[in-house]
Amino acid sequence: MLESQQEYLKLSPYSLNKNDKREQFTKYMNELTRYHYQNSAEYKKMLDGLNYSQENFYQLEDLPMLPIGLFKEYELCSVPKDKIVRTMKSSGTSGQKQSKVLLDSNTTRAQTRCLSYIIADFIGNKRLPMIILDSELVKKDPRLFSARGAGIIGFAIFGRDVFYALDNDMNLRVDELKDFIAKHNDSNIILSGYTYIVWKFFQQALADKNIFLDIAKGFLFHIGGWKKLIAEAVTADIYRDSLKKVCGNIQVQDYYGMAEQLGSVFVECEHGHKH
């Protein structure tokens with residue numbers, strides 16, 4: 001990790017105004033571009049083709065930009081291969097080829113810290129009882145360790161006494177779920193899952209059985225594509241309201257993230273915008 005990035009990580013995620021944020025972002029993007037240019041032969045070759053000069057300081061609009069689809073075609077890497085500790089893959093929806101992102105230990109730690117700072121701004125610094133709205137297979141099956149698995153497992157750092165609400169056949173464990181909520185209902189509870197999985201196997205399962213969980217207070221964070229839900233005419237408002245009807249007093253937070261940069265998630269604010 002660059003020394004300047006260590007300083008950046010000390011900042012509160014939403015503390016800068018627009019102009020200060022742009023100034024900081026431009027500075028670090030220039031540093032990162034130079035770093036990758038010096039440490040990745042493939043990246044250097046592409047930037048040389050775009051007449052990039054590492055001696056220049058570029059404004060954001062003038063920095064060389066490359067299509068993110070390159071991660072689907074090449075193993076882009078700026079550290080020695082023996083330093084790679086994790087390989088992330090995108091969800092690869094609609095039969096698309098998956099992006100492959102190689103992470104070293106420094107990047108993995110930085111992403112975890114970024115994620116924790118961002119989410120702490122919403123839930124505080126204290127670990128809370130957590131319900132993961134998926135099966136434990138999501139953390140065991142390497143085929144699922146993509147956007148779905150990574151988003152869920154990454155969220156587990158905020159939880160204690162973590163409970164998986166679905167069994168290995170994707171059936172809702174209703175009785176155990178009710179017991180867990182009764183045990184922790186004097187505290188904030190975090191619920192986390194993949195957008196479509198939450199709808200199909202949690203919300204609809206509860207609604208079909210006319211079950212109300214009566215959570216006293218909590219947060220439900222969900223991540224993932226909306227393609228299947230849009231096809232079913234499920235809007236963001238319908239999604240949010242339907243979950244509250246079966247759960248109780250929860251704050252439903254949609255957030256966006258991608259395998260190419262796991263630590264920087266964009267969480268929905270009260271006005272429906274992702275920051």
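User: Gln111, buried or exposed?
Analyst: Gln111 sits in helix H5 (residues 105–123); helices here are DSSP runs of H or I with at least four residues, strands are E runs with at least two, and both are numbered from the N terminus. This is a predicted model, so local features need pLDDT of at least 70 and side-chain atom pairs count only at pLDDT 80 or more, while totals for chains, interfaces and linings use all residues. Residues are numbered from 1 along each chain as its sequence is written, and side-chain values use heavy atoms, with hydrogens and water left out. Buried means under 20% relative accessible area, exposed over 50%, and partly exposed in between (1.4 Å probe, protein chains only), so with 11% Gln111 is buried.

User: Which residues does Gln111 touch, skipping those up to four places away in sequence?
Analyst: Contact means heavy atoms within 4.5 Å. Val265 is 154 residues from Gln111 in sequence, with 9.7 Å between their C-alpha atoms. Once residues up to four places away are set aside, the list for Gln111 is Leu103, Gln261, Leu262 and Gly263.

User: How far apart are the C-alpha atoms of Asp104 and Ile84?
Analyst: Asp104 lies in strand E2, and at 12% relative accessibility Asp104 counts as buried. Leaving aside neighbours within four places, Asp104 is in contact with Val79, Lys83, Ile84 and Val85. Along the chain Asp104 and Ile84 are 20 residues apart, but their C-alpha atoms are separated by 4.4 Å.

User: What about the loop between E1 and E2: is Ser99 buried or exposed there?
Analyst: Ser99 belongs to the loop between strand E1 (84–89) and strand E2 (100–104). Not counting residues up to four places away in sequence, Ser99 touches Ile68, Phe71, Lys72, Met88, Lys89, Ser90 and Glu260. Its relative accessibility is 1%, and therefore Ser99 counts as buried.

User: At what angle do H2 and H3 pack?
Analyst: Axes are lines fitted to C-alpha atoms, for helices over the stretch in contact, and angles run from 0 to 180 degrees between N-to-C directions. Under 35 degrees counts as roughly parallel, over 145 as roughly antiparallel, 65 to 115 as roughly perpendicular, and the rest as oblique. By that scheme H2 and H3 come out roughly perpendicular to each other. The axes of helix H2 (residues 18–39) and helix H3 (residues 41–49) are 6 Å apart, and the packing angle is about 115 degrees.

User: How do the residues of the contact of H2 with H3 divide into nonpolar, polar and charged?
Analyst: From H2, Thr33, His36, Tyr37 and Asn39 meet Ala41, Tyr43, Lys44, Leu47 and Asp48 of H3. Ala, Val, Leu, Ile, Met, Phe, Trp, Tyr, Cys and Pro count as nonpolar, Asp, Glu, Lys and Arg as charged, and the others, Gly among them, as polar. That gives 4 nonpolar, 3 polar and 2 charged.

User: Which residues does Tyr43 touch beyond four places in sequence?
Analyst: Tyr43 is found in helix H3 and is buried, with a relative accessible area of 16%. Glu232 is 189 residues away from Tyr43 in sequence and 41 Å away, C-alpha to C-alpha. Apart from residues up to four places away, Tyr43 touches Thr33, His36, Tyr37 and Leu66.

User: What is phi of Asn210?
Analyst: Most residues other than glycine have a negative phi. Asn210 is in the loop between helix H9 (195–208) and strand E6 (215–223), and at 73% relative accessibility Asn210 counts as exposed. Phi of Asn210 is positive, near 55 degrees.

User: And what is phi of Ala233?
Analyst: Ala233 lies in the loop between helix H10 (227–231) and helix H11 (236–247). At 55% relative accessibility, Ala233 counts as exposed. Though not a glycine, Ala233 has a positive phi of about 60 degrees.

User: Zooming out, what is the radius of gyration of the chain?
Analyst: The chain has 11 helices and 8 strands, and the C-alpha trace spans about 65 × 40 × 35 Å along its principal axes. The radius of gyration is taken over C-alpha atoms, and the globule rule is 2.2 Å times the number of residues to the power 0.38. For 275 residues a compact globule would come in near 19 Å, which agrees with the chain's 20 Å.
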